[in-house]
Protein chains: 2
Amino acid sequence: MDHGSVYMGIDLGASSIKMGIVNRNGSLLESRRVPLREHEFHKVLNRFDQLALEILNTHDLSWEQVAGAGVGSPGFIDFQKGIVKDAGNLGWHHVPLKQELYRRWGIPIELDNDANAAALGESWIGAGQGVSDFLCLTIGTGIGSGIIIGGDIYHGAGGMAGEIGHIPVQPESGIRCNCGKTGCLETEASGTAIARIAVDRARRSSGGLLKQLYERDGNIKAGKVIELALQGDDACREIVGDTGKTLGRALSQICYILNPERIVIGGGISHAGDILFNPLKKAFRRTALPQLVETTAIVPARLGNRAGMIGAAYLVHRKKERNLC
Amino acid sequence: MDHGSVYMGIDLGASSIKMGIVNRNGSLLESRRVPLREHEFHKVLNRFDQLALEILNTHDLSWEQVAGAGVGSPGFIDFQKGIVKDAGNLGWHHVPLKQELYRRWGIPIELDNDANAAALGESWIGAGQGVSDFLCLTIGTGIGSGIIIGGDIYHGAGGMAGEIGHIPVQPESGIRCNCGKTGCLETEASGTAIARIAVDRARRSSGGLLKQLYERDGNIKAGKVIELALQGDDACREIVGDTGKTLGRALSQICYILNPERIVIGGGISHAGDILFNPLKKAFRRTALPQLVETTAIVPARLGNRAGMIGAAYLVHRKKERNLC
């Protein structure tokens, strides 16, 4: 393998680290996913070290052959300074991630928000390839999005562009969000919302699969609701369908502002497929102007849970291509 | 005056044409505003001809000395083809404005949406000068906005970006909009909304200035409500304040998506000043995340009703500067 011909792509989450080696064409040559239990900054960095060495050894690579590393991190990021300003679910505040990784690895490091990294991955070799302006929505535990304008991430003034998880959708009657407000898109239409609604239903209903599941396990995970919905359970189909409706209405609001060419939807919840996408598209068509419906296509993401790693690698790749690092 | 040293800037509205000569520094050297009653396409073009000649004669200019003309038009515009696709209040559908003006005047012609032209004017020499990413809101009879990203208009896939007048703010209980939906920002917080609410109040109240006005004239104009609010009338201050609240909440939604560095607010209704801006900013602060409130400044427009003409001139100026026409 040529000197400096691959990148390390890191997708940092509250409960896991995904790390992989990506080549100049965006192919993921090797990747690992490990659970993350301790969030203390230097312990996380030690995990990074360990994982990186494992991956390099598997491919008989040395650090000299890695052209750089990109990290997609949850929370509010100062991508220019390479600082995680505020990541509630990691308990991180003003953490100099770029600087510390550079000190350890001595290669160019780039940092951005995890949803932005996923958008960039889909832009490079996924569902946004060749599309100048699109929105990439990631629906998992929470809801994140990355906005690509002119082929690059649009960050906005404070790096907060695309924080659509906090668009108010039920400000009067919704659930309290960890942002301090009530009825955000994230509290009403994320994986967490699906799990909460499923538990509510199970408690109130007199029978059915959800109730059995809840009585057995004491809780219900969003992934299970989607699994049951795909198997044809009516209650679960309804929960996923309602989530789609809420998302479709929110997306129409976003389109009045951005009118993107495409909306790419990924994240665990998107695996529900048509059960989610059909009511979502229907609600979108009903609430958006016809001109928006005509010009904005809604499509599933293509890279699955590899988008974050591939996009993180692209953070460095695009700088290399422009000779900026 | 040098050959080709000035531009003609045209701000076309449903009830008036504003046309002016703008130099390379963005200064408006001369302008005229004439009422527009007949909307038939060729009659409007004849009015353009007549007005342009008047302005040129006043400055002893010939067409040879005009480097180009820009037009800001209401409605949905195909700026690349120079076509007004759909302008309901002019009754225009697929009107080839650029082509026809070029046939008449023989100089480079550029066309865009009126709100985009106003945003570009504020970007050139107004409240958005030197700001890379901002939103320019124009609140008059309706609500339009132009989005500037990287110093240029962001159009979106179908040229519909910034159509924020149709963001749903009261989809259940609001007024029917001419877009076919209910409770759009435009039906709830524009000049038209202010006038409608004022008439409602006048009808229901037992006394006060609004009632006197309504009984005398049979209607109430938004400009009059603002005038009375500025003179201290409580009912009018409340109407303008409620409009500000609705706008502030909508702007916070927009900021979750765009996080612009600045929001510039112009149009007739913005002349209410603090009576509008204070409740607007308060509602914005209450509904947006602190990080957005910190990074997005809300400021009044600077160019008043000249923004459209100056921005329309800039449509040609920027192309000339880049040697594109």
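Predicted model: local features only at pLDDT ≥ 70, side-chain atom pairs only at ≥ 80, totals over all residues.
Now look at which parts of chain B touch chain A. Strand S10 (143-149), helix H8 (234-258), helix H9 (274-287) and helix H10 (290-295) of chain B each give two or more residues to that side. H8(B) gives the most, with five residues. By type, the residues on this side of chain B divide into 18 nonpolar, eleven polar and six charged.

Next, the extent of the interface. Chain B brings 35 residues to the contact, and chain A brings 35 residues. The area buried between the two chains is about 2,800 Å². Carbon and sulfur atoms give 69% of that area. Three residues stand out on chain B. Tyr154(B), Tyr256(B) and Ile257(B) supply 25% of the area that chain B buries against chain A, more than any other three residues.

Turn now to chain A and its helix H7, residues 222-230. Its buried residues are Ala222(A), Val225(A), Ile226(A), Leu228(A) and Ala229(A). They lie on the same side of H7(A), because they cover an arc of only 165 degrees around the axis. What covers these buried residues? The cover includes four helices of chain A: H5 (191-204), H6 (209-217), H8 (234-258) and H9 (274-287). After H7(A) comes Gly232(A). The phi of Gly232(A) is positive, near 105 degrees.

Terms used:
Residues numbered from 1 in each chain as written. Chains lettered and ligands numbered in written order. Heavy atoms only, no water. Contact = heavy atoms within 4.5 Å. Buried area = accessible area lost by both parts, 1.4 Å probe. Nonpolar A, V, L, I, M, F, W, Y, C, P; charged D, E, K, R; others polar. Buried < 20%, exposed > 50% of the residue type's maximum accessible area, 1.4 Å probe, protein only. Arc of directions from axis to C-beta.
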